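Q: I've got a new model open and I'd like to learn how to read it feature by feature. Can you walk me through it?

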Amino acid sequence: MKVHINLSKEYTEPQITILAAEANEDIQKLLSYIQNMEKVIAANEGDSIIILKPEEIYMICSMGRGVNIYSEKKEYTSSKCLYEFENILGDHFIRISKTTLINLSQLKKIEPSFNGMLVVLKNGKSDYISRKYLPLFKKRLGL
């Protein structure tokens, strides 16, 4: 991949142009990275509000009137709905059930189990992929 940078005072804000014959996996990853660069998530930790970057989030689970957000070692809460996180976080996150989103970049392994497929994240958290979301999950992973 070639990279060209054109610096000029005529540009008032940075622009990115990608020239390619077709969109490939590298271009999709770059696009997703650029779109998520400035995104941050506000979460509650007790009485404090913590700012998390999308890459710090491993899993988000709906729990009644709000969600639990799991990072590498901690758990946070938010009053936002799961679908709001789904819209904010973009392509690195995928819904695996009605109540759970996971960060694909934090996926450690997938295990077949009696109840279907179990995803295990790098922080040790795990959850089952529901039958409804399994086809999309397999497609995203190229399975």
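Q: Let's start with the hairpin of β1 and β2: how many residues sit between the strands, and which residue takes a positive phi?
A: The hairpin of β1 and β2 has two residues between the strands, and Gly 46 takes a positive phi near 65°. Before going on, some ground rules: this is a predicted model, so local features need pLDDT of at least 70, side-chain atom pairs count only at pLDDT 80 or more, and totals for chains, interfaces and linings use all residues. Residues are numbered from 1 along each chain as its sequence is written, and side-chain values use heavy atoms, with hydrogens and water left out.

Q: In which sense do β1 and β2 pair, and over how many bridges?
A: The general idea: two strands pair if DSSP finds at least two bridges between them. Strands themselves are DSSP runs (E, at least two residues), helices are runs of H or I with at least four, and both are numbered from the N terminus. Here, β1 (residues 41–45) and β2 (residues 48–52) pair in the antiparallel sense over five bridges. One example is Ala 42, whose bridge partner in β2 is Ile 51.

Q: How many helices and strands are there in the chain?
A: Three helices and 10 strands. Along the sequence they follow the pattern α-β-β-β-β-β-α-β-β-β-β-β-α.

Q: Which residues of α2 are buried?
A: Buried means under 20% relative accessible area, exposed means over 50%, and partly exposed is in between (1.4 Å probe, protein chains only). In α2 (residues 82–89), the buried ones are Leu 82, Phe 85 and Leu 89. They cover an arc of only 60° around the axis, so they lie on the same side of α2; that arc is taken from the directions from the helix axis to the C-beta atoms. Tyr 83 and Asn 87 are exposed on the other side of α2. Just after α2 comes Gly 90, with a positive phi of about 80°.

Q: How many salt bridges does the count come to?
A: Side chains of opposite charge can pair when their charged atoms come close. The rule is a side-chain nitrogen of Lys or Arg within 4 Å of a carboxyl oxygen of Asp or Glu, and the count comes to three. One joins Lys 74 and Glu 45 (3.3 Å, N to O). That pair links distant parts of the chain: Lys 74 is in the loop between β4 (67–70) and β5 (75–78), Glu 45 is in strand β1, and they are 29 residues apart. Arg 95 and Glu 86 also meet, at 2.9 Å, N to O. Arg 95 counts as buried because its relative accessibility is 12%, while Glu 86 is partly exposed at 31%. Lys 109 forms a salt bridge with Glu 111, the closest N and O atoms being 2.9 Å apart.

Q: Which residues does Lys 125 touch?
A: Contact means heavy atoms within 4.5 Å. Not counting residues up to four places away in sequence, Lys 125 touches Met 59, Tyr 70, Val 119 and Val 120. Lys 125 lies in the loop between β9 (116–121) and β10 (126–129), and counts as partly exposed because its relative accessibility is 34%.

Q: And where is Ile 16 found?
A: Ile 16 is in the segment before α1 (25–36). With a relative accessible area of 58%, Ile 16 is exposed.
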